[in-house]
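Hi everyone, thanks for coming. Let me put the sequence and structure up, and then we'll walk through them together.

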2 protein chains.
Amino acid sequence: MIIKSLKNNIPLSQYIDKYKAIIEENLLRLLGPSEITPVTLYQSMHYSLFAGGKRIRSILCIASAEAVGGAIGDVIHIASAIEMIHTYSLIHDDLPSMDNDDLRRGKPTNHKVFGEATAILAGDALLTLAFTTLSDISVLSNIPPEKALHVINEIALSSGHYGMVGGQQIDMESQGKRIDISSLEQMHMKKTGALIRASVRSGGIVGGAAPPRLLALTEYGENIGHAFQIADDILDVEGSIEDVGKTIGKDIAQNKNTYPAMIGLDESKALEKSLIDRAIEALNDFDESADPLRMIAKYIVERKR
Amino acid sequence: MIIKSLKNNIPLSQYIDKYKAIIEENLLRLLGPSEITPVTLYQSMHYSLFAGGKRIRSILCIASAEAVGGAIGDVIHIASAIEMIHTYSLIHDDLPSMDNDDLRRGKPTNHKVFGEATAILAGDALLTLAFTTLSDISVLSNIPPEKALHVINEIALSSGHYGMVGGQQIDMESQGKRIDISSLEQMHMKKTGALIRASVRSGGIVGGAAPPRLLALTEYGENIGHAFQIADDILDVEGSIEDVGKTIGKDIAQNKNTYPAMIGLDESKALEKSLIDRAIEALNDFDESADPLRMIAKYIVERKR
């Protein structure tokens with residue numbers, strides 16, 4: 001990872017670590033009392049929520065709010081809710097009837113530890129808890145109720161059958177089949193891109209972005225969302241199991257449609273780079289408050305997971 | 001079913017049929033265009049959403065709004081969202097790793113038709129679509145944003161790990177074990193009761209119920225929610241497959257904790273009756289606008305499913 005200084009002279013890794021700690025503290029609080037019945041369900045939700053995620057989506061939401069003059073306190077609950085939705089999607093994607101993954105971030109997947117039924121329910125509960133949290137944000141963060149509703153709608157739309165869930169379905173259906181590059185893009189736009197876009201936009205909306213700025217943030221979000229998935233595909237080819245924390249080469253073994261398989265590794269890297277460039281260009285009119293967003297864009301393609 | 005006339009001289013069955021038609025028309029509209037990619041996911045959502053449910057929760061929501069002077073137009077989208085949540089819960093409960101049911105309302109269960117992966121995703125998508133819909137209710141029905149947020153919070157809390165999902169987890173964990181009657185009650189209060197209570201309360205909140213009336217509606221909702229599950233257990237013992245539309249005697253075969261198994265059939269029926277009486281008593285201060293609620297209470301224990 002390139003360590004480059006931010007405005008206040010902290011490197012990106014410190015920025016991420018600082019916010020990660022705040023997000024995780026908040027997630028733990030939002031999860032509620034650990035002794036709540038049934039305990040196994042709590043444990044299963046907790047297990048995946050704290051299984052070592054980089055919290056990129058949450059940090060994007062916060063960085064986006066900061067880029068337009070908002071503060072972390074305005075969006076921390078939104079950022080946390082997004083993390084819950086992301087976590088639920090990973091639990092369900094890993095299930096035996098889906099991608100059938102045994103490892104996630106170097107740890108056994110949720111159903112490997114808690115069994116399939118509990119894993120499904122933990123995913124359901126995390127998705128629902130996200131909306132419990134989001135519908136409480138006016139109370140928790142003094143966000144005007146209209147804005148809160150706008151954000152809930154944005155996040156729900158990006159996560160459902162028009163967005164993430166739709167993308168996962170396309171992914172499942174296209175395994176073992178050859179699809180063209182535009183279908184691949186559409187799949188990723190839904191599966192990964194939509195929630196990343198919503199993370200950036202929610203931060204912008206609550207941070208008070210005027211329409212042209214929200215548009216710029218949207219363009220940023222769409223481009224990094226697209227780049228993010230290409231980076232993921234490349235990692236599956238080039239990463240080590242220590243880096244990636246999951247089974248390597250699985251995409252190839254499962255005959256998945258990936259960018260490297262479709263357009264080659266070099267071409268995939270070139271595409272990834274041009275998307276990151278476009279994301280950063282979209283922020284041309286932003287001052288140094290947007291530096292974290294600029295650096296996260298670079299970080300996304302250089303990260304290990 | 002006892003056919004008793006309502007205020008405007010229609011029997012309950014006509015009241016239900018009339019509102020059922022309106023709810024289903026609205027659900028179809030909210031599901032969005034059928035040609036949206038991926039088509040299978042749409043079909044799977046549509047299949048379970050229109051698999052012959054009685055729409056009791058939605059009708060309770062509407063009847064509750066009407067009981068306090070509200071109108072169907074205020075709550076139709078809320079009622080529809082509740083139906084989506086109920087449907088998602090049925091799809092996930094029927095999965096092989098959960099109750100492993102092949103039949104639901106006389107039709108093959110979702111995963112039998114579409115496969116497990118699609119069934120899980122259709123459930124996820126319906127749950128998410130409920131919140132897309134609920135966050136749009138201010139726009140769609142002119143509900144004040146604060147009230148909309150209150151309703152979303154109420155419904156999310158009742159559906160998540162504190163409510164319905166938690167109840168399903170307890171149910172899964174207690175199979176094959178003997179639990180006591182108070183644990184059984186707690187399980188049902190979460191699994192079935194919480195969403196029924198939220199259906200009644202949401203209608204009351206949006207219908208404009210003053211606090212004492214909302215309290216009365218809450219008591220009504222809790223009592224019928226409890227009675228509803230006892231009626232379900234009794235149906236599994238006494239119903240015919242034509243009546244119930246699912247495999248009969250499964251609770252016994254799966255060694256499930258049920259009221260008849262625990263306190264006997266006669267005692268179960270007596271308990272059911274006293275809960276219905278208490279539900280109707282809770283509405284003592286309501287005029288004939290609450291007649292549908294009174295009659296639904298009786299209907300619940302006499303219904304076939």
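Which residues are buried in H15(B)? Before I answer, a word on what you see: this is a predicted model, where local features need pLDDT of at least 70, side-chain atom pairs count only at pLDDT 80 or more, and totals for chains, interfaces and linings use all residues. Residues are numbered from 1 along each chain as its sequence is written, while chains are lettered from A and ligands numbered from 1 in the order in which they are written.

So, the buried ones in H15(B) are B:Ser268, B:Glu272, B:Leu275, B:Ile276 and B:Ala279; buried means 20 or more other C-beta atoms, placed from the backbone, within 10 Å of the residue's own, and exposed means 12 or fewer. They cover an arc of only 100° around the axis, which puts them on the same side of H15(B); the arc is taken from the directions from the helix axis to the C-beta atoms. On the other side of H15(B), the exposed residues are B:Asp266, B:Glu267, B:Ala270, B:Ser274 and B:Glu281. Helices here are DSSP runs of H or I with at least four residues, numbered from the N terminus.

What do the buried residues of H15(B) pack against? Their partners are H11 (211–238), H14 (259–263) and H16 (291–302) of chain B, with contact meaning C-beta atoms, placed from the backbone, within 7 Å.

Now the two chains. Their contact takes 45 residues from chain A and 45 residues from chain B. On the side of chain A that touches chain B, H6(A) gives the largest share, twelve residues.

Terms used:
Helices (H or I, at least four residues) and strands (E, at least two) are DSSP runs, numbered from the N terminus. Two residues are in contact if their C-beta atoms, placed from the backbone, lie within 7 Å.
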